[in-house]
Amino acid sequence: MPADIRFNRELDFEYGVLETVAPSIRRVIARNPSPFTFHGTGTYVVGHGRVAVIDPGPALGAHIDALVHGLRGETITHVLVTHTHLDHSPGCALLRGHVSAPTYGFGPHGSGRNPAAGDETVVVEEGADFEFAPDVEVRDGDVIECDGFSFECVYTPGHTSNHMCYRLREDRALFCGDHVMGWSTTIVSPPDGHMGTYIASLERLLGGADRTYWPTHGALIRKPKPYVESLIEHRRLRAWQVEACLRDGIDTIPEMVKRLYRDLPVRMHPAAARSVLSTMTLLVEQGVAIRRDSGSAPASIDAGYALAAQRSGQR
Ligand SMILES: [Zn+2]
């Protein structure tokens, strides 16, 4: 890792058990561990008696059963969804078999995307859930009133174009989905993921007064501001490193992955290539880099690149 990010890979939990993690917050972790989900999806429950659920998780019957079992005698009044990846939203459909609470979210997959970004053609990371559409579409600043507590919606596109964080106002706690994770950096994979937007969404969080972040994957983050600053710094360093590759004549994304992700297992290189692509997209948009074959085309994995200044210098 180029920047000094203080990752926390500790997590005390038991699969299938709804556990209290703060006075008003409970969590049950789904058994869907992977290099992208860490131990699995953490589904949060807020409140007691009449509760809100955040990210029901993957389409795993055992996980939804554990959630419903843990909440017997209580009523789910709201279901909030941070974004439409397969490890976050498909559980909503399964939960429907048990409860009728409305779902909240920005919109279906891709709904926040700039049309110029193109279609979803590559499935990496957890993959997208194209089935889910929220009952209630929420926007930045909207407040969701629950029984004795409330959430402010904080629109944070970048990981996906429809990513929404939910701020539990009474606790100054932010349910940050995959926007910020404590155990790892977040995958930003074009076209639905967008690095420029992602960095802007990180910078937005610096203005918040949250005391804690509760990511979907991994433990809570207790000092969120310096942590978010280190994530921003990490992305800036990556951009600088990609620029340095170009300066050194390393002009394709697969070659850059070999240099920048030397310690990463080869099976993770396709995901790393998506990440470098998102950084390259940013450099192309900023006019720093250019595609060798077509200066105006958006960045793509298999293109060759040059520094914009270098290219004009060669003419
Ligand atoms: Zn995700």
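Residues are numbered from 1 along each chain as its sequence is written. Because the model is predicted, local features need pLDDT of at least 70 and side-chain atom pairs count only at pLDDT 80 or more, while totals for chains, interfaces and linings use all residues.

**Exercise 1.** Determine whether Ile-253 is buried or exposed, and state which residues it touches.

Solution. Begin with the location: Ile-253 lies in helix α5, residues 253–260, where helices (H or I, at least four residues) and strands (E, at least two) are DSSP runs numbered from the N terminus. Next, apply the burial criterion, by which a residue is buried if 20 or more other C-beta atoms lie within 10 Å of its own, exposed if 12 or fewer, and partly exposed in between, with C-beta atoms placed from the backbone. Ile-253 has 26 C-beta neighbours inside 10 Å and therefore counts as buried. Finally, leaving aside residues up to four places away in sequence, Ile-253 touches Ala-273, Val-276, Leu-277, Met-280 and Ile-301, contact meaning that the C-beta atoms, placed from the backbone, lie within 7 Å.

**Exercise 2.** Describe how α5 and α6 are oriented and what kind of residues make their contact.

Solution. The two helices, α6 spanning residues 269–285, pack at an angle of about 110° with axes 9 Å apart; axes are lines fitted to C-alpha atoms, for helices over the stretch in contact, and angles run from 0 to 180 degrees between N-to-C directions. Angles under 35 degrees count as roughly parallel, over 145 as roughly antiparallel, 65 to 115 as roughly perpendicular and the rest as oblique, so α5 and α6 are roughly perpendicular. Residues on both sides make the contact, including Ile-253 and Leu-260 of α5 and His-269 and Met-280 of α6. By class, this contact has 10 nonpolar, one polar and no charged residues (Ala, Val, Leu, Ile, Met, Phe, Trp, Tyr, Cys and Pro are nonpolar, Asp, Glu, Lys and Arg charged, and the others, Gly among them, polar).

Technical notes:
Two residues are in contact if their C-beta atoms, placed from the backbone, lie within 7 Å.
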